[in-house]
Amino acid sequence: MIIVLKKDPDKMQLEALVGWATNLGLSINQSEGNSNLILGLIGDTSAVDIELIRALEIVEDVKRIQEPYKKANRKFNNTNSVVDVSGVLIGNGNFAICAGPCSVESEQQMISVAQDVKNSGATLLRGGAFKPRTSPYAFQGLGGDGIKLLVEAKKASGLPAVTEIMEISQLKYFEDIDLIQVGARNMQNFQLLKELGLSKKPILLKRGLANTIDELLMSVEYIMAGGNSNVILCERGIRTFETSTRNTLDISAIPVLKKKTHLPIMIDPSHASGSYTLVKPLAMASVAAGCDSLMIEVHGNPQKALCDGAQSLTPKKFDDVAKAVFALRPYSMKPEDFE
Ligand code: PEP
Ligand code: MN
């Protein structure tokens with residue numbers, strides 16, 4: 001339920017209203033609307049008499065929220081969130097590219113690719129160490145040792161590091177990681193999401209292969225309900241009947257999510273397409289449609305990559321994509337275009 005207050009509400013009456021809701025066991029989320037203060041009541045509001053609240057002097061309007069997600073809901077908080085990943089801002093007009101290989105393979109590979117993507121304008125470095133692979137016989141990643149190499153490349157390049165966690169017991173390796181990724185296959189691992197809700201670190205939550213936008217929002221609500229609002233949503237392609245691409249990039253997820261949530265959106269054209277030739281058009285389309293960031297796989301020698309070589313760009317090709325994206329940015333959808 002949300003309560004829109006009149007301008008400059010009387011402080012005593014506001015305190016009384018907040019106290020009454022708290023006594024009912026509800027938690028209250030306060031946010032600034034266009035010009036009015038908005039109270040979002042979270043909890044079981046079924047017994048609350050809407051007309052009674054509407055009659056209060058300081059109240060302009062009361063609405064029941066149908067959606068089961070609250071903290072992620074734009075109706076609860078109409079201020080675009082900005083996530084700070086160790087100084088790199090994402091959201092509300094702040095744009096960032098996260099780039100790097102699918103998997104961490106060696107120190108030399110990581111340090112060299114980190115410098116390359118940084119020179120092209122990427123401000124976050126990715127590299128998988130715990131890899132969710134479809135086949136148990138495929139390269140599973142270097143695990144904790146891989147994270148150490150990623151952190152070496154972070155130190156050498158100065159780029160904050162992004163990598164995937166698959167289960168909470170791995171959290172001990174993530175101390176020097178700046179943005180923790182939950183992969184598509186774990187989007188509904190609710191226990192993992194709950195634990196990450198207790199973390200102070202920013203979390204990147206990828207949409208599942210066969211999950212709806214509302215399911216993505218319910219999953220991020222698990223993290224936010226635990227107290228961690230530093231979250232970024234990532235569209236990385238979904239399963240459809242189309243077989244020409246690895247997945248189908250759901251471009252409409254950008255405007256749809258912008259309407260439903262205040263959270264920043266990252267688009268991953270690499271995993272969405274499965275082909276390096278498709279990364280540039282999909283990246284440009286996503287930027288035009290108003291995404292807040294991109295995740296792009298880059299490898300010094302894609303033909304030799306231990307994972308996802310077919311979709312990985314060479315540093316030179318990445319440079320071309322980055323240039324195109326930055327040139328397009330002034331013409332892309334702005335936060336205010338979604339209001
Ligand atoms: C990845 O980013 O390394 C990855 C495995 O992506 P996804 O979870 O989207 O498949
Ligand atoms: Mn990959």
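This is a predicted model: local features need pLDDT of at least 70, side-chain atom pairs count only at pLDDT 80 or more; totals for chains, interfaces and linings use all residues.

1. Four strands form an open sheet in the order β2-β3-β1-β4, and their pairing is antiparallel. The edge positions belong to β2 (27-32) and β4 (59-63); each has a single partner strand, so one side of each is left without a neighbour in the sheet. From one strand to the next the twist averages 20°.

2. Within this sheet, β2 pairs with strand β3 (residues 37-42) in the antiparallel sense, over six bridges.

3. Helix α1 (residues 11-23) lies across β1 (2-5), β2, β3 and β4. The angle between α1 and β3 is about 15°.

4. Helix α6 (residues 213-225) packs with helix α7 (residues 253-260) at an angle of about 50°, and the axes are 11 Å apart. That angle makes α6 oblique to α7. The crossing of α6 past α7 is right-handed. On the α6 side the contact is made by I213, D214, L216 and L217, and on the α7 side by A253, V256, L257 and K260. Sorted by class, this contact has six nonpolar and two charged residues, with no polar ones.

5. Helix α9 (residues 276-288) and helix α10 (residues 315-328) pack with their axes 9 Å apart, at an angle of about 15°. Angles under 35 degrees count as roughly parallel, so α9 is roughly parallel to α10. The crossing of α9 past α10 is right-handed. From α9 the contact draws on Y276, K280, A283, M284, V287 and A288; from α10 it draws on K317, D320, V321, A324, V325 and L328. By class, the contact of α9 with α10 has nine nonpolar residues, three charged residues and no polar ones.

6. How many aromatic pairs does a search of the whole structure find? The search finds four. In one pair, F130 and F174, the ring centres are 6.3 Å apart and the planes are at 15°, so the pair is stacked. F130 is in the loop between β8 (124-126) and α4 (143-157), while F174 is in the loop between β9 (161-165) and β10 (179-182); the pair therefore ties together parts that are 44 residues apart in sequence.

Methods: Residues are numbered from 1 along each chain as its sequence is written. Chains are lettered from A and ligands numbered from 1 in the order in which they are written. Side-chain values use heavy atoms; hydrogens and water are left out. Axes are lines fitted to C-alpha atoms, for helices over the stretch in contact, and angles run from 0 to 180 degrees between N-to-C directions. Helices (H or I, at least four residues) and strands (E, at least two) are DSSP runs, numbered from the N terminus. Angles under 35 degrees count as roughly parallel, over 145 as roughly antiparallel, 65 to 115 as roughly perpendicular and the rest as oblique. A crossing is left-handed if the near helix is turned anticlockwise from the far one by less than a right angle, and right-handed if clockwise. Contact means heavy atoms within 4.5 Å. Ala, Val, Leu, Ile, Met, Phe, Trp, Tyr, Cys and Pro count as nonpolar, Asp, Glu, Lys and Arg as charged, and the others, Gly among them, as polar. Two strands pair if DSSP finds at least two bridges between them. Rings of Phe, Tyr and Trp (its six-membered ring) pair if their centres lie within 6.5 Å; planes under 30 degrees apart count as stacked, over 60 as edge-to-face and the rest as tilted.
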